[in-house]
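Hi there,

Here is the structure I promised to pass on. Have a look at it first, and my notes follow below.

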Amino acid sequence: MIDLLATRGYFLVAFLLMGVGTYMLIGSPNLIKKVIGMNVFQTGIFLFFISSAFVQGASPPLLSAPAPYVSPLPHVLILTAIVVGVSLTAVALGLIVRVYDEYGSLREGEIREVAADE
Amino acid sequence: MSSLPALLVAAPLLGSVLALLAGLVRSETGWPVALVTAAVQVAGAGVLASRAFDGTVSYVVGGFTAPFGIELVVDGLSATIALLVAVVSLAVLAYSRVAGPRTNAFYAVYLLLVAGLTGMSITGDVFNMYVFLEITGLAAYALVASGEGGRSARAALKYLIVGTVGASLFLLGIGYAFVATGTLNMADLSTQLAAVGYTEPLVQAAFALLVVGLFVKVAVFPLHAWQPDAYAGSPDSVSALISALVSTVAAYALIRIVFTVFTVDFLQANPVARSLLVAGAIVSIVFGSVLAVSQTEIKRMLAYSSVSQFGLVVGAVAVANETALIGATVHLVGHAVMKGGLFLTAGLIATATGAQTVDDYEGLIQRLPLGAGAFGLLALAMVGVPPAVGFVGKWYIALGAVEAAAWPLAVVILLSTLLTLAYFARILERMFFRDASGERVAVDGVSPGMTGVVVAAALAAVVLGMLAFEYGQLLEPTVQALLS
């Protein structure tokens, strides 16, 4: 068991991050922190992809480099996923600015109270 | 090799940029740009559909041959969905010219949504599907937020957070499948996953993550929480567009993932996987209807109705035979026309009379005969009264469930007709058999375009029903290929 965890440390950290992110996303009443939680959750997934591509002692996939090679595909995928994540964060923060303008609060409960009064 | 599939994604993207640039020159110029783009899109999707039914059309992006590069694959099913996306987006445009929102930014995002949805329906690569899923999501969040006031912003934020979790689970599922096989091409994945073994925990986990991620996007109970707020909080044209297309294309993606990537053999090897789908379907149908009955606001009721109708489609996926899948496709198309039409009619009624709740609809037939008639017709079509398209879809799905001897599901599917009637009967009774309670202020602002689209949707719901059996025969080879 300990052995397994020691050799799969990266995966362990990745899933720990996903857990922390999900907890923040659900548990925190603050909208900004929810978005941070969302980012942490996604970062966990990114790390999962990257660590899955790791090969001990391998070189980049260039013709001039000796084998074995690292697969470049997960890195490319995650570059795309990071761009997606940044756009999502931007849209989320834009929406939060509008919510704050409208309700004067970032806390879920207070926003709900103001909305119920309308 | 035809480059039409790639152009079908590129055209709305280009239109989106043009709409934004036109806004720099003159404001409120987005609509004509969007109209031209949507018309081109309908023509392109039509040509593609006519070719795809003869044989699968595929396109290799950038010359990187599959399975290494991204491949666009169009069969009868994808062509149907791509054509549906194009036609519905053109129809909603006709509605939104007067109903608004009218800014150029709105139409730029509108076309971006069309690009994302088209991309999702024709891609043959799972990661590419994730990217298009997120483009669709981002555009949908922005469109929901285009309404006025704090309500739409809150709805959009909720949609964004829940939707992102769903898409991230989908991405994690792709990661698992990729770790197991080292490929992302759907056709290649199906053979590689079979080689790895369908009972491997890694493959099973990949399936669970992909399916649950898509459940969020389809809005299957209990992962539907974002959907009623998003539909009710957005402007009428937006709720019609996203209710007709976004969940529909996500359900298409579910069919693709389950049958093209994992295949029927996976479902046979893992009864638990099938139970997951059956459970999602039954819970969605029952609770979606029950929640719909308890709503007072029309748009929220229609939203919960979607939860229940998509339960039927998920049920058809769980049944996994030819008849049920034809039913799922017919119901996807039919639901898009009927639900989009219902949202547009609700918008038209709200614009003309200010009625937004179930009680406001009392005696509507006297005040707005056209609106009440169209709403009634579409509601009955949704319940499944023959010869409307809602009947054909449900008929095929129920028949499929009986053929597969999936009795609990078959009972719930037949029951769903009654449940649908339960929430629409309240409105039908109020609209046609009660007198209007007190005079209400007449708000007018109905354009010929709005009326035209509503009438067209109501007629389409009936006409498509008559064509649906022929379409089912046309689709048979595609579905057979999907199931083999």
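An unreviewed UniProt entry annotates residues 6-26, 38-56 and 76-97 of chain A as "transmembrane region" (positions follow the numbering used here, feature names are shortened, and annotations may be inferred rather than shown by experiment). Please keep in mind that this is a predicted model, where local features need pLDDT of at least 70, side-chain atom pairs count only at pLDDT 80 or more, and totals for chains, interfaces and linings use all residues. Residues are numbered from 1 along each chain as its sequence is written, while chains are lettered from A and ligands numbered from 1 in the order in which they are written.

Residues 6-26 of chain A are 95% helix and 0% strand, with end C-alpha atoms 30 Å apart. For residues 76-97 of chain A, the values are 100% helix, 0% strand and 32 Å. (Helices are DSSP runs of H or I, at least four residues; strands are runs of E, at least two; both are numbered from the N terminus.)

Now to where the chains meet: 24 residues of chain A are in contact with 22 residues of chain B (contact means C-beta atoms, placed from the backbone, within 7 Å). On the chain A side, α3 (31-52) and α4 (73-103) are the elements giving two or more residues, and α4(A) has the largest share, with 14 residues. That side of chain A divides into 17 nonpolar, 4 polar and 3 charged residues (Ala, Val, Leu, Ile, Met, Phe, Trp, Tyr, Cys and Pro count as nonpolar; Asp, Glu, Lys and Arg as charged; the others, Gly among them, as polar).

Best wishes

Methods: Contact = placed C-beta atoms within 7 Å.
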